Amino acid sequence: MLMQTSWPGLGTTIASLMFLWTMVRGYLPRQLDLYISTYTHKILNYFYPYIEITFQEYSGNRFSRSEAYTTIKSYLSATTSDRARKLKADVGKDSSNLVVTMDDYEQVTEEFEGVKLWWSSNKRIPRSQTISFYPAQDEHRYFTLTFHHRDRRLVMDSYLAHVMEEGKAIAVRNRQRKLYTNNPSQNWSGYKKNAWSHVVFEHPATFEKLAMDPEKKEEIIDDLEAFKNGKDYYEKIGKAWKRGYLLYGPPGTGKSTMISAMANFLDYDVYDLELTAVKNNTELKKLFIETTNKSIIVVEDIDCSLDLTGKRKKEEKPKEKEEEEEEKKKLLSGAEKEEHGGKVTLSGLLNFIDGLWSACGGERLIIFTTNHVEKLDPALIRRGRMDKHIELSYCSFEGFKVFAKNYLDLESHPLFERIRLMMEITKITPADVAENLMTKSFKRKRNVESCLEDLIRSLQEAKEAEAIQLELKSKEELESKENRSVEITALENGYANGEVK
């Protein structure tokens, strides 16, 4: 038994000998090298009858992490945690439990239908990158499965299928939803780096707590439900399984809260994409590929992130200025040129939303938010890219009743009618309503009546502010008309006196 258990360890010694042999064989004649190699493999196969399968975290030129690797990691977290001596832990679903799996350089033994197998967890650092400011990002991890060659058919036909099926089921049970943000460009380069950082997503927003028109809320829920169950439909019509949402409206109308409610309803991860931290279009594609299925990709305040306001044509520049810029570009080094010229463009963003690369994966929502929808390029928000436009406007009386229920546990109150009448003629954001209905402050606890009275007071102040704005606007328009009238009169007098021809 001891001899059998030590067989996999013999692989390391043999690998070292093979490395030395590779160095020596370069000096041997070709025919002699072929002869020795043939018989060496036969001898090694006789003395080492074990097969090894390696599962790389990133293999070949893949941009994203291997699905096989992540599935095996989930499988080993459940099946080997009671046998491994070195473990590492992470937070599980709902932060209520820990998920443990093998640490690096650990090996465990498993039996499947009477067959013994060995799993080992390893990592290596490329020699060219051993000195790095970000060593954790340069590590290449992989799992190795070792088994006797006589069990090849059982492992290939049954065991690996069992591992994949169980691993996927375990991943679903232990899945902890996360909120991601992209790392700045200077902190990573290449697809094997950590493009995203994350924290646990624990926002409590739900559609039940969302203060908005009930019919509009139901419409959004139905649309999300149809998308979630629409895999076959999207395949039938030949479209990638994704959907774009544009959330627009004044500040404080609940756009971020709506996104959180969507994520909780669908049970999706959220990727908060900061476009100003993305260097160029190529990096934008890599970020998209690193996102997982069942996720929401969010770009908040899209009108402030890039120059996407419909100005597609370059402004004409004086010839002298163009020549000056060309001279500056010639003086830049290679790295400086890339930094100087690289940027995310409207074309790159459009390709990110619905180009070829957007079909890499499925079950994704892409959400843009803006306070000024009129500033966005029509090509960016057309149907097919932003499939559904949702306006989040000022608080209605129906929205107020949701707030009253959530914040004050009130279904009705004598002051409700007064609030309803004021809301019909006054604009107030949901954020302002929520702040007035908070029953607790830093210094005192307020009763229900004081909360409602504060809201009425805020509505009255908002009404007065609107009246002042209207008055100022009217004065400006009147002054503009008067000035225009003076200009026209002066021009007519000029014509009459012969001063203007």
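This is a predicted model: local features need pLDDT of at least 70, side-chain atom pairs count only at pLDDT 80 or more; totals for chains, interfaces and linings use all residues.

Analyst: A residue is called buried here when its relative accessible area is under 20%.

Helix H4 covers residues 152-174, which makes 23 residues, and from its first C-alpha to its last it reaches 31 Å, close to the 33 Å expected at 1.5 Å a residue. The helix does bend, by about 35 degrees, and the place of this bend is Tyr-159. Tyr-159 is also among the buried residues of H4, together with Val-155, Leu-160, Val-163, Gly-167 and Ile-170. What covers these buried residues includes helix H3 (67-79) as well as the strands E1 (50-56), E4 (106-112), E5 (115-124) and E6 (140-148).

The open sheet has 4 strands in the order E1-E6-E5-E4, and their pairing is antiparallel. E1 and E4 are the edge strands, each of them pairing on one side only. On average, and with direction ignored, neighbouring strands of this sheet are turned by 25 degrees against each other. Between E1 and E6, which run antiparallel, there are 7 bridges, and Thr-54 stands opposite Thr-144 in E6. Helix H3 packs on this sheet, where it touches E1, E4, E5 and E6, and its direction makes about 65 degrees with that of E6. Helix H4 packs on the sheet too, touching E1, E4, E5 and E6, but the direction of H4 makes about 135 degrees with that of E6.

The partners of E11 can be followed in turn. Strand E10, residues 269-272, is joined to E11 by 4 bridges, and the two run parallel; Val-270 stands opposite Ile-296 in E11, while the bridge partner of Tyr-271 is Ile-297. Strand E12, residues 364-370, also runs parallel to E11 and is joined to it by 5 bridges, with Ser-295 standing opposite Arg-364 in E12.

These strands belong to an open sheet of 7 strands, in the order E8-E7-E10-E11-E12-E9-E13, whose pairing is mixed. Its edge strands are E8 (196-200) and E13 (388-391), each pairing on one side only. Neighbouring strands of this sheet are turned by 20 degrees against each other on average, direction ignored. Finally, helix H12, residues 346-354, lies across E9 (242-248), E11 and E12, and runs at about 140 degrees to E12.

Key:
Residues are numbered from 1 along each chain as its sequence is written. Side-chain values use heavy atoms; hydrogens and water are left out. The expected span of a helix is 1.5 Å times one less than its number of residues. The bend at a residue is the angle between axes fitted to the seven residues ending there and the seven starting there. Buried means under 20% relative accessible area, exposed over 50%, partly exposed in between (1.4 Å probe, protein chains only). Contact means heavy atoms within 4.5 Å. Two strands pair if DSSP finds at least two bridges between them. Axes are lines fitted to C-alpha atoms, for helices over the stretch in contact, and angles run from 0 to 180 degrees between N-to-C directions.
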